[in-house]
Amino acid sequence: MSATPLWSTIAMAEAMRASINGALPEAISGLSIDSRTIAPGEAYFAIKGDVHDGHDFVAAALKAGAALAVVEAAQRDRFASDAPLLVVDDVLAGLVALAYAARARLHAQVIAITGSVGKTSTKEALRRVLDAQGPTHASTASFNNHWGVPLSLARCPASVRFAIFEIGMNHAGEIETLVKMVRPQVAVITTVEPVHLEFFAGIEPGGAVVLNRDNSQFSRLQKHAKKPGISRIVSFGADKESDARLLEVSLHADRSAVHANILGLDVTYKLGMPGRHMAMNSLAVLAAASLAGADLALAALSLSQIEPAAGRGARRALEVASGEATLIDESYNANPASMAAALNVLGAAAIGPQGRRIAVLGDMLELGPTSAMLHRGLVDAVKANHIDLVYCCGPLMRNLWDALSTGKRGGYADSADTLESQLVGAIRAGDAIMVKGSLGSKMKTIVNALEKRFPGKAAHDEAAV
């Protein structure tokens, strides 16, 4: 167990109104909902998911060293009479109650981030910036939904200086519920949509909100944000009226150089991620850091150290015949805005003398009745960024395939498994290959196949900026 326990068992039981079963430790070192990755000394929460019931894995979690398991009363009899358990009526509700208790004991500057695009990358950049200036807690991966947010909050140590939480939305009203749980002093909306109006409901009195001024919904959200309790509305973007304003950006293959004015102060910094969209979101990062009390100059300096995460722009050099190709892994998720941004990044990627810029695109899911049009519309970004070949995967991407000129058609298949062989056989030295699609399109399968077929290393562009 770590030197400073995360929770005492008594505090957990009180927060969740749980009954105690068996011999429990005085404290636990962490929380987990996955029996495969749980560490010794952690508490295991047996949450019922859409596919699996966590109660089926309690025995495995305890065998792996879990200090205790949180289970529902209706399934208590499945376990030994002396098993170390906290018994509640509903495990997810118990986790939510523990999250509220975590927020009540927290004295940190709390920042919440939402938006239709860029939540996770912005959260990770802000985590890197603030961690250099004091103990910082941030949501893991994309833990931004009805179970991810309470889990992230309940995992937050009481002693941190900064706490960052990503807020997502799967259904109407979810954002408001989650923001009221987190109660941020600073709230950031990366790319604005009308649904984000409910984001303002849970901001702490006297708090601040950071909005994208270049977005078409800015005026609407600004008006809605002008309500009792929110003391400051900060805008970011290239618009000359922005409080965090982009003055100049130099885009390179895997990084950027940015000149900006952040809340009245001129700053010039290197950004360790490519793309204009990342440069824009770095403005929000610096504005939020400044509002949270961090040193702006140190924050800007830290941005040079950030790198894209796996599935979100991470690069890898592939060892192919007669040289190397570059793989850009954007396979985690996709929507029209992030797809266009990824194509922009591919358009700026360095290629060899005989190299080509190759886009491997999977279906963008859950877009509603305009889905076919939105997929077909990607042809404009393909042309604008001088993409040489496009491989399309899935029935929705058939719309883009049909819109492509013959010379830009690399290959089409209904599934990632089927497309994989077409792509592997076509790659040559000097190519830059970008793979992207919604998580459900399983484009990670293609990334894994390329990395297995062409072993390589993490790719870094040596150009100075």
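The legends below describe several views of one predicted model, from the whole chain to single residues. Residues are numbered from 1 along each chain as its sequence is written. In this predicted model, local features need pLDDT of at least 70 and side-chain atom pairs count only at pLDDT 80 or more, while totals for chains, interfaces and linings use all residues, and side-chain values use heavy atoms, with hydrogens and water left out.

**View 1. The whole chain and the confidence of its prediction.**
The mean pLDDT of the chain is 92, and 95% of its residues reach 70 or more, where pLDDT is the predictor's confidence in each residue, from 0 to 100. Over residues 461-465 the pLDDT is below 50, although this stretch has eleven contacts in the model beyond near neighbours in sequence (a contact means heavy atoms within 4.5 Å). Where pLDDT is low, the predicted coordinates should not be read in detail. Along the principal axes, the C-alpha atoms fill a box of roughly 70 × 50 × 45 Å.

Of the 465 residues in the chain, 53% are buried, where buried means under 20% relative accessible area, exposed over 50%, and partly exposed in between (1.4 Å probe, protein chains only). Among the contacts with a separation of 6 or more, 61% come from residues 24 or more positions apart. The chain exposes about 19,600 Å², of which carbon and sulfur atoms supply 51%; accessible areas come from the Shrake-Rupley method with a 1.4 Å probe, and for residues only the protein chains shown count as cover.

Five strands form an open sheet in the order β2-β7-β6-β5-β4, with mixed pairing, two strands being paired if DSSP finds at least two bridges between them. The edge strands, β2 (19-21) and β4 (30-32), each pair on one side only, and the twist averages 25 degrees from one strand to the next. Helix α1 (residues 9-16) packs on this sheet, touching β2, β4, β5 (42-45), β6 and β7, and its direction makes about 10 degrees with that of β7; axes are lines fitted to C-alpha atoms, for helices over the stretch in contact, and angles run from 0 to 180 degrees between N-to-C directions. Within the sheet, β6 (residues 68-72) and β7 (residues 85-88) run parallel and are joined by four bridges, with Leu85 in β7 as the bridge partner of Ala69.

Nine strands make up an open sheet of mixed pairing, in the order β9-β10-β8-β11-β12-β13-β14-β15-β16. Its edge strands are β9 and β16 (265-271), each of which pairs on one side only, and the twist averages 20 degrees from one strand to the next. Helix α4 (residues 119-131) packs on the sheet and touches β8, β9 and β10, its direction making about 175 degrees with that of β10.

**View 2. Strand β10 and its two partners.**
Five of the five residues of β10 (residues 162-166) are buried, so this strand is largely enclosed by the rest of the structure. Phe162, Ile164 and Glu166 point one way from β10, while Ala163 and Phe165 point the other way. Strand β8 (residues 109-114) pairs with β10 in the parallel sense over five bridges, and Gln109 stands opposite Phe162. Strand β9 (residues 136-138) also runs parallel to β10, joined to it by three bridges, and here His137 stands opposite Ala163.

Glu26 is placed in the loop between β2 and β3 (27-28) and counts as exposed, at 75% relative accessibility. Not counting residues up to four places away in sequence, Glu26 touches Ser8 and Thr9; Glu26 and Thr9 are 17 residues apart in sequence and 5.5 Å apart in space, C-alpha to C-alpha. Ser438 lies in the loop between β22 (432-436) and α15 (444-453) and counts as buried, at 4% relative accessibility. Leaving aside neighbours within four places in sequence, Ser438 is in contact with Tyr332, Asn333, Ala334, Asp363, Met364 and Leu365.

Methods. Helices (H or I, at least four residues) and strands (E, at least two) are DSSP runs, numbered from the N terminus.
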